[in-house]
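Here is a short briefing to read alongside the model. Keep the structure open as you go through the points on sheets, helices and the ligand.

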Amino acid sequence: MFPLPFTGHLNPMIELAGIFHHLGFSVTILHTSFNSPDPSRHPRFTFRTIHHNKEGEEDQDPLSQAEVSAMDLFAFIRVLKQSYKEPFRQSLAAEVSEGETVCCLVSDAIWGRNMEVAAEQVGIQRLVLRTTSAASVCAFAAFPLLREKGYLPIQDSRLDDPVIELPPLKVKDLPVIVTKDPEELYRIMKDMVEGAKSSSGVIWNTFEDLERLQLMDLSRNFQVPFFPIGPFHKHSEDLPSTKNNKEDNAITDWLDKQDPKSVVYASFGSIAAIEEKEFLEIAWGLRNSEQPFLWVVRPGLVRGVEWLESLPCDFMENIGHKGKIVKWANQLEVLAHPSVGAFWTHCGWNSTLESICEGVPTICTPFQTDQRVNARYIVDVWRVGIMLERSKMDKSEIEQVVKSAMIDKKDGMRERCMALKEKADICLVGEVKADLRPSKWAEQYIKFFY
Ligand code: UDX
C-alpha cells in the first residue's frame, strides 16, 4: 500500500490495511520519508520508507513541514508526486523481486498515473483508494465540463447560483482552493481521475446507503469495479494513532463530568489554517454560547501564532470548567462520548464519516476542496447539520448557530442523525456477511479477490 502522506489520507489507508490483514493478506506499507507513520503502533504490517534523495546524499528530508505551510497545498502535492515517482517505482520493483507473492498494489488516488507505470512494469494489479466522498469525486471529474460551462474559475457574482449539472451544489460549493495557480488543481484532479479509470478497481471509504446515486454515476463513467467498503474505521482494528495519551485521558475525564449531549466539539482537521481574527471570533462565539466546549487548536491552525497566545489573559479564567482547549484529541473517542452533542467541523471526509457513524449532528464550516461538497450534502441531502459559512463566522453568528445546534428544536435533525447512524451500522453487518445483503458492489468484491 502506498498512502499519500497527510493525516486525512494516511488514517484511512492504515484502517484499510487492517481490513486486508483481517481478510488474511500480509500488508507492506511503502511510505514517504516525509510525514512517516509510526510503525511501532501497527506491528502487524511491514513498513518501508521510500527516500526521495539520491544515494550518497545526506538522509535529510528537504520536504519539511515548514515547506508545506509555505507552499500552497497543490503545488506541494506536485512536488511530492515528482519527487517520489522514480524512488517509488524502484521500491515496488524491489518488493516484488524479493520472492514474496505480491498480489496487488493499493495506492492513494492522488498519486495518479505515476502508479500505473510502476505497477505495469512489475506486472501486478493496481487498486486505487479514494479517501474522499463519491459526491466530491463527481464534482472533480466534472471539472472539464464545469470550465467549459463557465462555472470555473468561480466568479464572486455567481456564488449562490445552482450548478444545474451537479445538484444540489451551488457555485460556492465547487471543490476548489484559493491558490496561485488554479491549473495545478485541475491537472492533479485530471490525473487522479485518469489513474482511477486505468486501475483494476477503486476502493471507497463510503457506503452504498449514503452515496448510492453518486457511486452509480461514477461507476458508469469510470467503467472499473468499485468497492465502497467504508466506513473503514468501523471495520478495522488498526485505528489511527492518537498523539498524546496523557492528554486523551484528561479529555475523557473532562467529558465524563459534562451532561449528556451538552458539549460542542470543535475541530478543523489536520491541514486547515485560520487567521488570528477568525480565531478570536471563534473563541468568543464559543464562550458566549454558554455551552460547554472542547476545542482542538492544533499548533499551526492559527497563522503566525504558536498556540493560544493571542487569547486575552483572562479568557481561560473566564470560561472556567465550561471549556477545554487541546492541541489534539482522539477524535473517534470524543465523538463516541455520550456528552458530545454537536461537532463543529471543517467537513473533511474522515470527520464527516466519523460523526455520521456516531449519530452526532454537525455545524459545517468548510474551508476548501471536497469539504465544500461534503458540507452541502450534510446540510441539504442527509440533513444532519447546519451551515456556518467561514465568511459569516463572527462571534454573534457563531453564538447563535451553536445554540441552535445544541437545542433540540424538534426539527427532526437528531432523529435523522440516528437514522443515518443505523444505516452505517447495518452496512457493516452487510459487508461482513455479504450473503445477508448481496449488492452489486459485494459481488464485484468477491469476484476480484476470490
Ligand atoms: C484532508 C482534507 O482536508 C479532507 O477534506 C479530505 O477529505 C482528506 O484529507 P483533514 O483536513 O485532516 O483531511 O480532515 P479529515 O478528513 O477530517 O481527517 C482528519 C483526521 O484526523 C480524522 O480521521 C480525525 O479523526 C483525525 N483527528 C483530527 C484526530 O484524531 N484528532 C484531532 O484532534 C483532529
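Two strands count as paired if DSSP finds at least two bridges between them. Helices (H or I, at least four residues) and strands (E, at least two) are DSSP runs, numbered from the N terminus. This is a predicted model, in which local features need pLDDT of at least 70 and side-chain atom pairs count only at pLDDT 80 or more, while totals for chains, interfaces and linings use all residues. Residues are numbered from 1 along each chain as its sequence is written.

- Strand S10 (residues 340-345) and strand S11 (residues 362-364) run parallel and are joined by 3 bridges.
- Within this pair, Thr345 stands opposite Cys364 of S11.
- Both strands belong to an open sheet of 6 strands, ordered S9-S8-S7-S10-S11-S12, with parallel pairing.
- At the edges stand strand S9 (323-326) and strand S12 (385-387), each with a single partner strand, so one side of each has no neighbour in the sheet.
- From one strand to the next, the twist averages 15 degrees.
- As background, the strands of a sheet pair through backbone hydrogen bonds, either parallel or antiparallel.

**The four-stranded sheet**

- Another open sheet has 4 strands in the order S3-S4-S5-S6, again with parallel pairing.
- Its edge strands are strand S3 (104-108) and strand S6 (226-228), each of which pairs on one side only.
- Neighbouring strands here are turned against each other by 25 degrees on average, direction ignored.
- Strand S4 (residues 125-130) runs parallel to strand S5 (residues 201-204), and 4 bridges join them.
- In that pairing, Leu127 stands opposite Gly201 of S5.
- Helix H1 lies across S3, S4 and S5, and runs at about 155 degrees to S3.
- Axes are lines fitted to C-alpha atoms, for helices over the stretch in contact, and angles run from 0 to 180 degrees between N-to-C directions.

**Helix packing**

- The axes of helix H5 (residues 134-141) and helix H8 (residues 208-222) come within 8 Å and cross at roughly 40 degrees.
- That angle makes H5 oblique to H8 (under 35 degrees counts as roughly parallel, over 145 as roughly antiparallel, 65 to 115 as roughly perpendicular and the rest as oblique).
- H5 and H8 cross in a left-handed sense (the near helix is turned anticlockwise from the far one by less than a right angle; clockwise would be right-handed).
- H5 brings Ala134, Ala135, Val137, Cys138 and Ala141 to the contact, and H8 brings Glu211, Gln214, Leu215, Asp217, Leu218 and Asn221 (contact means C-beta atoms, placed from the backbone, within 7 Å).
- By class, this contact has 7 nonpolar, 2 polar and 2 charged residues (Ala, Val, Leu, Ile, Met, Phe, Trp, Tyr, Cys and Pro count as nonpolar, Asp, Glu, Lys and Arg as charged, and the others, Gly among them, as polar).
- Helix H3 (residues 73-97) packs against helix H7 (residues 182-197) at an angle of about 50 degrees, with the axes 9 Å apart, which makes H3 oblique to H7.
- The crossing of H3 and H7 is left-handed.
- Phe74, Ala75, Ile77 and Arg78 of H3 meet Glu184, Leu185 and Ile188 of H7, a contact with 5 nonpolar, no polar and 2 charged residues.

**Around the ligand**

- The ligand is surrounded by 26 residues, the closest being Gly8, Gly269, Gln331, Gly348 and Ser351 (a residue is near if its C-beta atom, placed from the backbone, lies within 6 Å).
- Helix H1 (7-22), helix H13 (331-336), helix H14 (349-358) and helix H15 (370-381) are the elements that give two or more residues to this shell.
- The shell divides into 9 nonpolar, 15 polar and 2 charged residues.

Notes
Two residues are in contact if their C-beta atoms, placed from the backbone, lie within 7 Å.
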